[in-house]
Amino acid sequence: MAMAEKFDSLEEHLEKFVENIRQLGIIVSDFQPSSQAGLNQKLNFMVTGLQDIDKCRQQLHDISVPLEVFEYIDQGRNPQLYTKECLERALAKNEQVKGKIDTMKKFKSLLIQELTKVFPEDMAKYKAIRGQEYA
């Protein structure tokens, strides 16, 4: 079974389970002795629904979800925002690191220029050893 199918199956079982709980809440909130059979049926549906969800869980045992995603859910935020914000943070960090690399390259170039002015013979030897990348 493909990974997408496993998730679709889990989603379907969760939706059925949530709907059964909603219906159970309606029955319980306006309970009449005559609705006992319907209540029992919904309770049995809940048990089989939990079993179905547990079977899906066993198929998805190798999936790990970052704890931050659950924090997003607990805060009432869309968990898909977690991925978006992770990408945005990674891009920002990438730009920051790129800026540092560019600055270090400029510093290296200026340092070599200044060292060449002060120590021309030594820098000529250095450039010969390191190659023409500093010429």
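**View 1. How much of the chain is tucked away.** Of the 135 residues in the chain, 17% are buried (under 20% relative accessible area with a 1.4 Å probe, counting protein chains only; exposed means over 50%, and partly exposed is in between). This is a predicted model, where local features need pLDDT of at least 70 and side-chain atom pairs count only at pLDDT 80 or more, while totals for chains, interfaces and linings use all residues. Residues are numbered from 1 along each chain as its sequence is written, and side-chain values use heavy atoms, with hydrogens and water left out.

**View 2. Helices and overall shape.** You'll find five helices and zero strands here (DSSP runs numbered from the N terminus: H or I of at least four residues for helices, E of at least two for strands). The C-alpha atoms fill a box of roughly 105 × 30 × 15 Å along the principal axes.

**View 3. A closer look at helix H2.** H2 covers residues 36–59, and its 24 residues should span 34 Å at 1.5 Å a residue (that is 1.5 Å times one less than the number of residues). Its end C-alpha atoms sit 35 Å apart, which agrees.

**View 4. The buried side of the story in H2.** Which residues of H2 are buried? They are Leu39, Lys42, Met46, Gly49, Ile53 and Cys56. An α-helix has 3.6 residues a turn, so residues three or four places apart point the same way. Helix H1 (3–29) is among what covers the buried residues of H2.

How values were computed: Contact means heavy atoms within 4.5 Å.
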